[in-house]
Amino acid sequence: MASYDLVVIGTGPGGYVCAIRAAQLGMKVAVVEKWPTFGGTCLNVGCIPSKALLQASERYEEVTHMLPKMGIGVGKPKLDLATMMKFKSDGVDGNVKGVGFLFKKNKIDSYEGTGRVLGAGKVEVKGNDGKTQTLETKNIVIATGSDVAKLKGVEIDEKRIISSTGALELDKVPEKMLVIGAGVIGLELGSVWRRLGAQVTVVEFLDRILPGMDGDVAKSFQRLLEKQGVVFKLGAKVTGVDTSGKKLKASVEPAAGGTAEVIEADAVLVAIGRVPYTEGLGLKEAGVALDQRGRIQTDEHLQTSVKGIYAIGDVIAGPMLAHKAEDEGVAVAEILAGQAGHTNYDVIPSVIYTFPEVASVGKTEEELKQAGIAYNVGKFPFTANGRTKVNQTTDGFVKILADAKTDRILGGHIIGPEAGEMIHEIAVAMEFGGAAEDIARTCHAHPTRSEAIKEAAMAVAKRAIHM
Ligand code: FAD
Ligand code: NAI
């Protein structure tokens, strides 16, 4: 029987990063993965392919909307969707092979098959060839990720009624796309297909888009998406989709119930969230406890209810984000090596990779109000920033929330081009317990979009210069 210090089940960003860090710290490590390629949801059917299509479709739209303004005439762009999909797949391929390379470099053994926990210290691997073997290990990390949440009455066939996975694979642009759920997936992938020519309608159960995001940011972002042609039906739910005809017919009702209307579509994207994936892991038999939402329960050291079995990433509580899973992976490896592994859940940035991008870190205004924390707001619009003005991409703003007494930064929110790159300045300041004044007094290069962050920090003390 093969014997290890650590066996990691699942090779998404949580699992593969955990395995590498543990190997760096001198452990003998194996990973178990049931898919033919490493990298999990993120690299295969999530972050990476969606960003490839967002990048490509943004360039496609730029040709018509932006380049002529700059005096660059290249005519009407011609869409070659098959080549765009190849661009996406090549990017995925490079990334998943990269993980395989890192496993070899760090002398990590990999087992292809489905892992099942037999109890502390034992993992059974059922190979994709049907053969079973058992691995002995001092510790186990479960990093099995999440799966698409299903909607009653709307059967996903990944052809016409699709999840995010099908939406990354369509072989033609649907004339009309109905998106169920105005969350991150609905807005990112809805944007991709709108840019490529689909008429996109988004049906959202709540009376706002992006629950959890700062309300002010969500409202502005909705207006920008509407300007781009996305139609929103808020406070509404899809109760069923009739697939019998050439066009799909979705029944859409007010969330509270009432008269249904029928919306026709060529594709329906179900994007109402994701659920932890624990199928076939044998958790009940092994005594590993779940919480009420089916997530694996962990303590502050990411240990489950069974000693020596840990869990990280989408399968436990917290935001379902790749970098959160990665940080937890590093934390567990360091804890197992006797170090002070740690994830700071107060400073986890989140980014929506649309145009403009939306990025945030820390608290929203709603959260601060609810917690009764007095705060000051510094807000600076991109219309007043030299660089965005000259680039003619002035939609959006930077908003910094700082403690009213101490000036400590509690949250940062940005809508604007490359907001996802800019947010980290605020994240680093927060990680160091920084005040808005610290950013305000830091010299920022001119002309950059990041000057808007400095101005927002100055605006906290009502001393922005360019406003
Ligand atoms: P996963 O990446 O889900 O990996 C789990 C792995 O475990 C899989 O490879 C699976 O095959 C394997 N597995 C499961 N059960 C077993 C078993 N019993 N035996 C063996 N192997 C098993 N996050 C971001 O931060 N940024 C983004 O831009 C972003 N974009 C996204 C776009 C889309 C369309 C989607 C769907 C998600 C996106 N996410 C994004 C979320 C991100 O993908 C997840 O948060 C992240 O992948 C979670 O990592 P994980 O390691 O917990 O699990
Ligand atoms: P989500 O949780 O972001 O959004 C789901 C939306 O669907 C919510 O607005 C919710 O109110 C709505 N909804 C739920 N049930 C509904 C119903 N019956 N009818 C209409 N609306 C309904 O989930 P999403 O977009 O599926 O994404 C899943 C996860 O993937 C997210 O948690 C996110 O963290 C991650 N992700 C991250 C990305 C990024 O970081 N850029 C990109 C894509 C996904």
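Predicted model: local features only at pLDDT ≥ 70, side-chain atom pairs only at ≥ 80, totals over all residues.
A polar contact is a pair of N or O atoms within 3.5 Å; within protein, one must be able to donate a hydrogen and the other to accept it, and residues adjacent in sequence count only if both atoms are side-chain atoms. Residues are numbered from 1 along each chain as its sequence is written, chains are lettered from A and ligands numbered from 1 in the order in which they are written, and side-chain values use heavy atoms, without hydrogens and water.

In ligand 1, a nitrogen atom lies 3.4 Å from a polar backbone atom of Cys47, and an oxygen atom is 3.2 Å from a polar backbone atom of Leu321. A polar side-chain atom of His323 is found 3.3 Å from an oxygen atom of the ligand. The protein buries 95% of the 1000 Å² that ligand 1 exposes when taken alone (Shrake-Rupley method, 1.4 Å probe).

Two aromatic pairs are present in the structure (ring centres of Phe, Tyr or the six-membered ring of Trp within 6.5 Å; planes under 30 degrees apart are stacked, over 60 edge-to-face, the rest tilted). Tyr4 and Tyr111 pair edge-to-face, with 6.2 Å between centres and 85° between planes. Both Tyr4 and Tyr111 are buried (under 20% relative accessible area, 1.4 Å probe, protein chains only). The ring centres of Phe38 and Phe103 are 4.8 Å apart and the planes stand at 75°, so this pair is likewise edge-to-face. Phe103 has 2% relative accessibility and counts as buried.

Technical notes. Buried < 20%, exposed > 50% of the residue type's maximum accessible area, 1.4 Å probe, protein only.
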